[in-house]
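Dear colleague,

Please find the structure below, handed over for your study. The findings follow directly after it.

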Amino acid sequence: MSTNHCETIAQFSIEDFFALRAQHIRNVNGYSVHIDIQRYEVFRRCLSCALCGIQGAYFLLQRHSGDALCTAHFNLYTADGQLMTNDHIIPVSKHGSNALDNLQTMCEACNQKKADNILHEGLK
């Protein structure tokens, strides 16, 4: 199965993913995973898109197609298979930081729509 140019290795429930993260598991299904990255903390704080409200429903353990390394990453998806992303509330292009308090969960469609705007600039 291939999603977003990635090969899917396994599916994890929200609960199972956060249990792995809480235990700092770094090897999942034979793949090296960076489990403590900031992106996952954003998802832990909120599973819903900041713009449309759609909810993340499960995580897929994925690796980039053609990657020879035994590394993988987790992506959050909605029940209908939409990718959830991290969005900069104040975009980096407008001097926003990568700090956790400047990041929010957003579905891929809303993130593309928002682009490098700030939500109070009339998108909502």
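**Cysteines**

The closest cysteine sulfur to that of Cys107 belongs to Cys110 and lies 3.5 Å away, which is too far for a bond; a disulfide is a pair of cysteine sulfur atoms within 2.5 Å. This is a predicted model, in which local features need pLDDT of at least 70 and side-chain atom pairs count only at pLDDT 80 or more, while totals for chains, interfaces and linings use all residues. Residues are numbered from 1 along each chain as its sequence is written, and side-chain values use heavy atoms, with hydrogens and water left out.

Over the whole structure, the search finds zero disulfides. Cys70 is in no disulfide, and the nearest cysteine sulfur, that of Cys6, is 15 Å away. For accessibility, buried means under 20% relative accessible area, exposed means over 50%, and partly exposed is in between (1.4 Å probe, protein chains only). Cys107 has a relative accessible area of 2% and is therefore buried, whereas Cys70, at 53%, is exposed.

**Strands**

Helices (H or I, at least four residues) and strands (E, at least two) are DSSP runs, numbered from the N terminus.

Two strands pair if DSSP finds at least two bridges between them. E6 pairs with E4 in the parallel sense over two bridges, and Thr71 in E6 is the bridge partner of Ser32. E6 is also joined to strand E5 (residues 56-64) by six bridges, and these two strands run antiparallel. Within E6, Tyr77 stands opposite Tyr58. As a general point, side chains in a regular strand alternate between the two faces of the sheet.

**Salt bridges**

A salt bridge is a side-chain nitrogen of Lys or Arg within 4 Å of a carboxyl oxygen of Asp or Glu. How many salt bridges does a search of the whole structure find? The search finds five.

Glu7 and Arg63 form a salt bridge in which the closest N and O atoms are 3.3 Å apart. This pair links distant parts of the chain, since Glu7 is in strand E2 (residues 6-13) and Arg63 is in strand E5, 56 residues apart. Glu7 counts as partly exposed because its relative accessibility is 32%, while Arg63, at 14%, counts as buried.

Arg26 and Asp36 form another salt bridge, with 2.7 Å between the closest N and O atoms. Distant parts of the chain are linked here as well: Arg26 lies in the loop between helix H1 (14-22) and E3, and Asp36 lies in the loop between E4 and helix H2 (38-45), ten residues apart. Arg26 is partly exposed, with a relative accessible area of 44%, and Asp36 is partly exposed at 34%.

Arg44 and Glu41 meet through their side chains in a salt bridge of 2.5 Å, N to O. Both residues belong to helix H2, where they are three residues apart, about one turn of the helix. Arg44 has a relative accessible area of 48% and is partly exposed, but Glu41, at 17%, is buried. Together with Arg21, these residues Glu41 and Arg44 are linked in a network of salt bridges.

**Asp87 and its surroundings**

Asp87 lies in strand E7 (residues 84-88). With a relative accessibility of 3%, Asp87 counts as buried. Which side chain does the side chain of Asp87 join in a polar contact? The partner is Lys114, at 3.1 Å. A polar contact is a pair of N or O atoms within 3.5 Å; within protein, one must be able to donate a hydrogen and the other to accept it, and residues adjacent in sequence count only if both atoms are side-chain atoms.

Contact means heavy atoms within 4.5 Å. Not counting residues up to four places away in sequence, Asp87 touches Asn102, Leu103, Gln104, Met106, Asn111 and Lys114.

**Positive phi values**

Asn29 is not a glycine, although it has a positive phi of about 55 degrees. Asn29 lies in the loop between strand E3 (27-28) and strand E4 (31-33), and is partly exposed at 48% relative accessible area. Ala115, a residue other than glycine, has a positive phi near 50 degrees. Ala115 is placed in the segment after helix H3 (108-114) and counts as partly exposed, at 44% relative accessibility.

With kind regards
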